[in-house]
Amino acid sequence: MPNTKIAGIGYYVPERVVTNDDLAQVMDTNDQWIQERTGIKERRYAKKHEETTTTMGVEAAKVAIERAGITKDDVDFIIFATLSPDYYFPGCGVLLQREMGMKQVGALDIRNQCSGFVYGLSVADQFIKSGMYKNILLVGAEFHSIGLDFTTRGRGVTVIFGDGAGAVVLQPTEEEGKGVLTTHLHSDGSQAEHLSYINPGCHGGKFVGKEDHGYPEADTFGGAFLTQDMVDNALVYPHMNGQHVFKFAVQKFPEVIFEALETTGYKPEDIDLLVPHQANLRISQFVQRILKLPDDKVFNNIQKYGNTTAASIPIALCEAWEEGKVKDGDLICLAAFGSGFTWGSALIRW
Ligand code: UT7
């Protein structure tokens, strides 16, 4: 059975840089608060009406495909992870297939938010190992800035997120001991609403922790997907119970990394580079301390891009690779935690 290797990797971030001071112009926040609590200095925002989650994904995909030494016509399966799709449906996978003029290959959309890339990698790994596909394009992309609350009410969420995309091409490798060695996926739906974006949606008011905002009667036809009330009461923005998410994240990140290490018989000191989902610099530093890793073994770029959710790991992995921090034979650890809650890890021998 072959292993799965990353044959090509690319990323795309929009040109527009938005600093903490820029945000302080429109809401009650400041550079010091944002940097101290999150490590973020700036993030990128896509061009509204020109760029979309799909178009950013396409740009990252083009680079990954070229670096893999293949063409778009060689791609035999698409996996697209995002929480900010262009449309409620169909998903970004098919839009990317159309935009890139690809063959009529399967396109799967992944809805696992910050863990989306690790989930996608795990799915792709099974398809490659089984021999079903030979060139899988896995994309993580987000267009957060189009759906955030740019008032003081939304500051706890808005300052954290940024736009961007990352992509990899996954292929089988027969090289002994190389490629994806293990992946681990978890979820805890009892925490679903603590980090969520529930409106518009099909819940009809039936969700945990709902305040009664007068949803339409259950026996009416339709009408509860998007109501005027949701708009009037600013219920159409992401919600995050930050401290609660933080507590889970610092527990689950190390747990799922140790799970991957134990499965493969490695120890934390065997890791050459940890590329964590860029949720918050403080979370990454906490995980680093638990694993007792030196600074040069943990890659962080949240300072420049904020939290780009499904795109954060492939963007970070690509930057690390471009900077020569991911070398042939290195043991790379990926780990993610986020909305769901979902979390996961992967160990890759590069
Ligand atoms: O991507 C995966 C999932 N997401 C995460 O992993 C995020 C996890 N959580 C976090 O990173 C942190 O909880 C945050 C960075 C979101 C917030 O940091 P915190 O230390 O937990 O702050 P807090 O929410 O407890 O807020 C502290 C204070 C509050 O004021 P009071 O009530 O103490 O007067 C907030 O209203 O800071 C206030 N605040 C802000 N002040 C300035 C909240 N957001 C801001 C802001 N600027 N942007």
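**Fold and details**

Modeller: Let's start with contacts, meaning heavy atoms within 4.5 Å. Among contacts between residues at least 6 apart in sequence, 77% join residues at least 24 apart. Keep in mind that this is a predicted model: local features need pLDDT of at least 70 and side-chain atom pairs count only at pLDDT 80 or more, while totals for chains, interfaces and linings use all residues. Residues are numbered from 1 along each chain as its sequence is written, and side-chain values use heavy atoms, with hydrogens and water left out.

Biologist: How many helices and strands does the protein have?

Modeller: There are 11 helices and 13 strands. Those are DSSP runs numbered from the N terminus, with helices being H or I of at least four residues and strands E of at least two.

Biologist: And what is the radius of gyration?

Modeller: It's 20 Å, close to the 20 Å that the globule rule gives for 350 residues, so the protein is as compact as a globular protein of that length. The radius is taken over C-alpha atoms, and the rule is 2.2 Å times the number of residues to the power 0.38. Along the principal axes, the C-alpha atoms fill a box of roughly 60 × 45 × 35 Å.

Biologist: What share of the residues is buried?

Modeller: Buried residues make up 55% of the 350. Buried means under 20% relative accessible area, exposed over 50%, and partly exposed in between, with a 1.4 Å probe and protein chains only.

Biologist: OK, cysteines. How many disulfides are there?

Modeller: The structure holds 0, where a disulfide would be a pair of cysteine sulfur atoms within 2.5 Å.

Biologist: Are Cys 92 and Cys 333 buried or exposed?

Modeller: Cys 92 is buried, at 0% relative accessible area, and Cys 333 is buried at 0% too.

Biologist: Which residues of helix α4 are buried?

Modeller: In α4, residues 92-99, the buried ones are Cys 92, Gly 93, Leu 95, Leu 96 and Gln 97. They pack against α3 (53-67), β4 (77-81), β5 (106-110) and β6 (136-142). After α4 comes Gly 101, with a positive phi near 60°.

Biologist: How far is Gly 189 from Gly 340 in space?

Modeller: They are 5.6 Å apart, C-alpha to C-alpha, yet 151 residues apart in sequence. Gly 189 is in the loop between β8 (179-187) and β9 (195-196) and counts as exposed, at 53% relative accessibility.

Biologist: Where does Gln 113 sit, and what is its phi?

Modeller: Gln 113 is in the loop between β5 and α5 (116-129), and its phi is positive, near 50°. Most residues other than glycine have a negative phi. Gln 113 is buried, at 14% relative accessible area.
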